[in-house]
Amino acid sequence: MSDNHQLRDVFDAIADPTRRRLIQLLSEAEELPLHELTSQFEMGRTAVSKHLTILKEAGLIIDRKVGRETRFKLNAAPLQEIQDWVGFYSKFWSTNMLRLNQLLLEEEEE
């Protein structure tokens, strides 16, 4: 977990397809109210709210009250942790594939 006092692991938060879809929707808009997010799913407001709470605990969204309405906004900064992790293994596999390719080329030459 990062130093930003997250209550939930970012990897855990994005593990669910519904939460990944919520992140996508929020990335396409500056801010969305709960009712607009709920309309994108075949589940009730309470279920969507639970997913949003998990994203909020991971630091991935910020909410604010506007009158009686709650609006949500993406905070993509915690996704950097995932980018770093994927980047490390992408480099790892690229290096190993290059080594394997080199080994196969050397075997062909023999």
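Me: Two strands count as paired if DSSP finds at least two bridges between them. With that in hand, what is the strand order in the open sheet of this predicted model?

Reply: The sheet is open and has three strands, with antiparallel pairing. β1 (32–33) and β2 stand at the edges, each with a single partner strand, so one side of each is left without a neighbour in the sheet. Put together, the order reads β1-β3-β2.

Me: What angle does the direction of α2 make with that of β3?

Reply: α2 packs on the sheet and touches β1, β2 and β3. Its direction and that of β3 make an angle of about 90°.

Me: And how are α2 and α4 oriented: roughly parallel or roughly perpendicular?

Reply: α2 runs over residues 17–27 and α4 over residues 45–57, with their axes 10 Å apart. They pack at about 75°. Angles of 65 to 115 degrees count as roughly perpendicular, so α2 against α4 is roughly perpendicular.

Me: How many nonpolar residues sit in the contact of α2 with α4?

Reply: From α2 come Thr18, Arg19, Leu22 and Ile23, which meet Val48, His51, Leu52, Ile54 and Leu55 in α4. By class, two of the residues are polar and one is charged, while the nonpolar ones number six.

Me: Is Ala13 buried or exposed?

Reply: Ala13 lies in helix α1, residues 10–14. Leaving aside its neighbours within four places in sequence, Ala13 is in contact with Arg19, Ile54, Leu55, Ala58 and Leu60. The cut-off for burial is under 20% relative accessible area, and Ala13 comes in at 0%, so Ala13 is buried.

Me: How far apart are the C-alpha atoms of Ala13 and Met97?

Reply: Along the chain, these two are 84 residues apart. In the predicted model, the separation of their C-alpha atoms is 31 Å.

Me: Last one: what separates the C-alpha centres of domain 1 and domain 2?

Reply: The domain assignment puts domain 1 at 1–76 and domain 2 at 78–109. Between their C-alpha centres, the distance is 33 Å.

Definitions and conventions: Residues are numbered from 1 along each chain as its sequence is written. This is a predicted model: local features need pLDDT of at least 70, side-chain atom pairs count only at pLDDT 80 or more; totals for chains, interfaces and linings use all residues. Side-chain values use heavy atoms; hydrogens and water are left out. Domain bounds come from an automatic or database domain assignment. Axes are lines fitted to C-alpha atoms, for helices over the stretch in contact, and angles run from 0 to 180 degrees between N-to-C directions. Helices (H or I, at least four residues) and strands (E, at least two) are DSSP runs, numbered from the N terminus. Angles under 35 degrees count as roughly parallel, over 145 as roughly antiparallel, 65 to 115 as roughly perpendicular and the rest as oblique. Contact means heavy atoms within 4.5 Å. Ala, Val, Leu, Ile, Met, Phe, Trp, Tyr, Cys and Pro count as nonpolar, Asp, Glu, Lys and Arg as charged, and the others, Gly among them, as polar. Buried means under 20% relative accessible area, exposed over 50%, partly exposed in between (1.4 Å probe, protein chains only).
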